[in-house]
Amino acid sequence: MDRCPHPKCSADDNITCWQGHIKLAYCPEWRKVVQTSTTAQPNPDELAVPWSGSALGESDLNFISGKGKPVTVGIVGPESSGKTTVLAAFYLLLGRGNLTSEDSLFSNSYTLAGWEAVANNLRWKPGQQAPHFPPHTTSRAARAPGMLHLAFRRQDGGLRDLLFADAPGEWFQKWSINQQSSEAEGARWIAKHADVTLLIADRQALAGPAKGTARNEFQLLAQRAVAGSQGRRLALVWTKGDVEVAPAMEAQIRKAVGSAAPDVPEFTVSVFKRGQVEAAEGFQKLFSWILETRRPGVQLPTSEVAGHDLLFRYGRR
């Protein structure tokens, strides 16, 4: 896969251009590595913006963080465990108005094209191929994952920005075995920056013929994820919730998480209806829990000077 040679840019087929070019063929840095039969000429009427609609790269965080630090959600799990499907379900339910409330109304997103790419396979298209699960997130040499953005308007008028990290499971599998692996840099980035960690337990793998291997791999990953969260919010998310798992196996998975982090909340999600439980219900509960995330406030020292201007109250230190 072609990659931009600029050290601050993560542009490829899925990540936005660092210089704001919507069409990568217009970027002079990109043209250094991609040779095309016809040279694209920039249109003087086009305006370069800080986003393209695709997933955001690490260098785009300064743009998002201009008005306040966003809440970063890391989805940690092995390959093919349903991480991307969780994101796709969030987006489709949001489009139907099933994830918002009076306290949190959808405001905007800088990565609508990225969300569409993730959710496209789950859409029902009459006369075309039936809905199917999103393709596997490809593993690439990157320092940080692609991030999908959503913003919600709070009841008090303030904005809450959320960034969802879409990372390949191979990163986490290598990270769980060797924390300092050169191929796990993206996983280390998520562990360091995620304000919320969703630890994925794949029920299909835990009930399949290789369930022993799946259990052992989860236990290693759980130890790494709990340690990396450093007391920040973490939840155990059972994906493919329509699959039955032996109670003894469920107990071992809970023990792997609870032994290091007690009182971890659990959520079960599935794109299929489970008995009387609608498919959307699990995703709604999980998303509501994510939206409850609050950053700790800053305690300023007391001052005898009245007024709201911090400069006059505290002066230069």
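## Strand E4 and its burial

A residue counts as buried when its relative accessible area is under 20%, as exposed when over 50% and as partly exposed in between, with a 1.4 Å probe and protein chains only. By that criterion, strand E4 (residues 159-166) is mostly covered, with seven of its eight residues buried; strands (E, at least two residues) and helices (H or I, at least four) are DSSP runs, numbered from the N terminus.

This is a predicted model, in which local features need pLDDT of at least 70, side-chain atom pairs count only at pLDDT 80 or more, and totals for chains, interfaces and linings use all residues. Residues are numbered from 1 along each chain as its sequence is written, and side-chain values use heavy atoms, leaving out hydrogens and water.

## Pairing of E4

Strands are taken to pair if DSSP finds at least two bridges between them. Strand E1 (residues 71-76) runs parallel to E4 and is joined to E4 by four bridges, with Val71 having Leu162 as its bridge partner in E4.

Strand E3 (residues 146-154) pairs with E4 in the antiparallel sense over eight bridges, and Leu148 stands opposite Phe164 of E4. The hairpin of E3 and E4 has four residues between the strands, and Gly157 takes a positive phi near 95° there.

## Packing of H5 and H6

Helix H5 (residues 169-177) packs against helix H6 (residues 185-193) at an angle of about 85°, their axes being 8 Å apart. The two helices are therefore roughly perpendicular, a term that covers angles of 65 to 115 degrees. Trp171, Phe172 and Trp175 of H5 make the contact (heavy atoms within 4.5 Å) with Gly186, Ala187, Arg188, Ile190 and Ala191 of H6.

Note on methods:
Axes fitted to C-alpha atoms, helices over the stretch in contact; angles between N-to-C directions. Parallel < 35°, antiparallel > 145°, perpendicular 65-115°, else oblique.
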